[in-house]
Amino acid sequence: MAVGKGSRTRKPIKEPADAGRTYRLCPTPQQAERLLLWGHTCRAVWNVALEQRLYVYRQRRVYLRADEQCRYLTEARRDLEWIADLPSQAPQQVLRHLDRAYDNFWNEEHPAGFPQFKKRGARMAIPLPGQAVRVTRLNRKWPSYVSPSWAR
């Protein structure tokens with residue numbers, strides 16, 4: 001930074017523009033059915049990953065993290081068609097969310113409890129990173145949503 005007349009200040013670093021956005025969709029009936037299946041698959045991945053972590057800790061006293069479980073997820077995608085239908089980033093995000101739930105549980109400053117199994121009737125979400133979703137504007141009020149996995 002050059003020193004001259006007056007002092008220069010640096011601009012603050014901004015967060016990414018797409019961080020934490022939530023979209024409400026109005027899908028067609030076929031898309032709604034597929035999204036419902038994806039939501040159930042994400043719930044199943046969460047529950048299986050949590051059970052796997054509990055089992056490994058009880059048997060070996062070892063903590064599993066998302067990066068280790070992602071390797072098992074790759075094998076599961078080859079073997080199980082219902083997991084392979086889900087966009088590959090979504091179950092990876094589910095595992096990262098489970099990591100965050102564990103981190104919050106162990107953090108004394110955070111009032112989170114132990115991660116719980118997800119019930120079938122609970123709110124469903126499909127976590128997708130920003131690069132997996134393309135949102136364009138139809139008008140002031142309505143966005144148009146296009147997912148690369150629907151174009152398969």
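Which residues is Phe 117 in contact with, leaving aside its neighbours within four places in sequence? Keep that question for the third stop of this tour.

**Before you start**

The model is predicted, and local features need pLDDT of at least 70, side-chain atom pairs count only at pLDDT 80 or more, while totals for chains, interfaces and linings use all residues. Residues are numbered from 1 along each chain as its sequence is written, and side-chain values use heavy atoms, with hydrogens and water left out.

**The whole chain**

Show the protein chain as a cartoon. It has 4 helices and 2 strands, in the order α-α-α-α-β-β along the sequence. Helices (H or I, at least four residues) and strands (E, at least two) are DSSP runs, numbered from the N terminus.

Of the 152 residues in the protein chain, 26% are buried. Buried means under 20% relative accessible area, exposed over 50%, and partly exposed in between.

**Stop 1: helices α1 and α4**

Select residues 29–60, which form helix α1, and residues 89–106, which form helix α4. The axes of α1 and α4 come within 9 Å and cross at roughly 50°. Axes are lines fitted to C-alpha atoms, for helices over the stretch in contact, and angles run from 0 to 180 degrees between N-to-C directions. The two helices, α1 and α4, are therefore oblique to each other; under 35 degrees counts as roughly parallel, over 145 as roughly antiparallel, 65 to 115 as roughly perpendicular and the rest as oblique. The crossing of α1 and α4 is right-handed, meaning that the near helix is turned clockwise from the far one by less than a right angle.

Show side chains where they meet. Among the residues making the contact are Trp 46, Leu 50 and Arg 53 of α1 and Val 94, Leu 98 and Asp 99 of α4. The contact of α1 with α4 has 13 nonpolar, 1 polar and 2 charged residues. Ala, Val, Leu, Ile, Met, Phe, Trp, Tyr, Cys and Pro count as nonpolar, Asp, Glu, Lys and Arg as charged, and the others, Gly among them, as polar.

Next, pick Asp 99 in helix α4. Asp 99 counts as buried because its relative accessibility is 10%. Not counting residues up to four places away in sequence, Asp 99 touches Arg 53, Arg 65 and Ala 66; contact means heavy atoms within 4.5 Å.

**Stop 2: Cys 42**

Go back to helix α1 and select Cys 42. Is Cys 42 buried or exposed? Cys 42 is buried, at 3% relative accessibility. Its contacts, neighbours within four places in sequence aside, are Leu 86, Ala 90, Val 94, Ala 125, Ile 126 and Pro 127.

**Stop 3: Phe 117**

Select Phe 117, in the loop between α4 and β1 (134–137). Phe 117 has a relative accessible area of 41%, so it is partly exposed. The opening question can now be settled: Phe 117 is in contact with Trp 46, Asn 47, Leu 50, Glu 51 and Leu 54. To finish, draw a distance line from Phe 117 to Asn 47, C-alpha to C-alpha: these residues are 70 apart in sequence and 5.4 Å apart in space.

Definitions and conventions:
Buried < 20%, exposed > 50% of the residue type's maximum accessible area, 1.4 Å probe, protein only.
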